[in-house]
Amino acid sequence: MSLFNVFQVSSSAMTAQSMRLNAVASNLANADSIVSADGQPYRAKQVVFEATPMGDAGDASRGVRVRQVVDDASPPRMVYDPKNPAADEKGYVAFPNVNVVEEMTNMISASRSYQTNVEVMNTAKTLMMHTLQIGQG
Amino acid sequence: MEPQMNPLTRDLEPLTKAIDLRAYRQQVLASNIANADTPNYKARDFDFKTAMHNAMAGQQSGGLPLVTTSGGHIAGGGGAGQPGLQYRADTQSAVDGNTVDMDTERAQIADNAIQYEILTRLISDRFSGMRAALANN
């Protein structure tokens, strides 16, 4: 029954959106981490979504999966602060390339998409409940 | 069509075909919403009228019916296949090549859900009618 595929599709989208939200949380938390595990400043993480066939309907129902998590390629933010122990010989400190405004919009977008998918799932559930009630009235 | 079809189910035939198509469409629309943030995803849908017409004629959309040249041949209509999906014309182009318009999809999913519920009621009403006819008082 094709309505069951809606659950799979919407839940895959919810998983993907929550991973995106996870990346946003990580980026915002580390917006000022000038040293990460590899000794370099933290680099912003971005998730890449990919449409993938899901369920038994072949091409018709496509869910979402996270293909990869990439490091943001933009250069680090250079801040002049000669007193900082991490400053280079010219007095500049390399800060993470996290764009806070971009991350906030990402966060809102992810949470809205998550909500929409919950609604789609609820609609499918209502439809299935009404299907079960056929012939009972 | 089979010559001796149960008259009780014959009346239900168009309704069950329509509800199948509605369930299928719900899943296509759910895929569109799930992939609202997937780069290069193209929103898809199908024309309900054409799909319903093809389903009633017992042929797959785009498919050709088998030609019968002898009385012993079986008239194959390609089966009750799923309707062919088409890409939705995009309203506002996005930089990432995604053509999902959330407003359109939300409206369509609400519309489709209502149509589905109408069909469940209609099928229920048919059963009530049969039950009333079978009652012996």
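Me: How are helices and strands assigned and numbered here?

Reply: Helices (H or I, at least four residues) and strands (E, at least two) are DSSP runs, numbered from the N terminus. In chain B the pattern along the sequence is α-α-β-α-β-α, which comes to four helices and two strands. This is a predicted model, in which local features need pLDDT of at least 70 and side-chain atom pairs count only at pLDDT 80 or more, while totals for chains, interfaces and linings use all residues. Residues are numbered from 1 along each chain as its sequence is written, and chains are lettered from A and ligands numbered from 1 in the order in which they are written.

Me: What counts as a contact, and how many residues of chain A are in contact with chain B?

Reply: Two residues are in contact if their C-beta atoms, placed from the backbone, lie within 7 Å. By that rule 31 residues of chain A are in contact with 26 residues of chain B. On chain A, α1 (2-29), β1 (45-53), β2 (62-71) and α2 (100-132) each supply at least two residues of the side that touches chain B. The largest share of that side, ten residues, comes from α2(A).

Me: Which classes of residue make up that side of chain A?

Reply: Ala, Val, Leu, Ile, Met, Phe, Trp, Tyr, Cys and Pro count as nonpolar, Asp, Glu, Lys and Arg as charged, and the others, Gly among them, as polar. The side of chain A that touches chain B has 14 nonpolar, 15 polar and two charged residues.

Me: How are two packed helices described?

Reply: By the angle between their axes and the distance between the axes. Axes are lines fitted to C-alpha atoms, for helices over the stretch in contact, and angles run from 0 to 180 degrees between N-to-C directions. Here α2(A) packs with helix α2 (residues 13-34) of chain B at an angle of about 165 degrees, the axes being 10 Å apart. The two helices are therefore roughly antiparallel (an angle over 145 degrees).

Me: Which residues make the contact between α2(A) and α2(B)?

Reply: From α2(A) come Thr116(A), Asn117(A), Val120(A), Ala124(A) and Leu127(A), and from α2(B) come Gln26(B), Ala30(B), Ile33(B) and Ala34(B). By class, this contact has six nonpolar, three polar and no charged residues.

Me: Why does Lys125(A) count as partly exposed?

Reply: A residue is buried if 20 or more other C-beta atoms lie within 10 Å of its own, exposed if 12 or fewer, and partly exposed in between. Lys125(A), in helix α2 of chain A, counts as partly exposed because it has 13 C-beta neighbours inside 10 Å. In chain B, buried residues make up 27% of the 137 residues.

Note on methods. Parallel < 35°, antiparallel > 145°, perpendicular 65-115°, else oblique.
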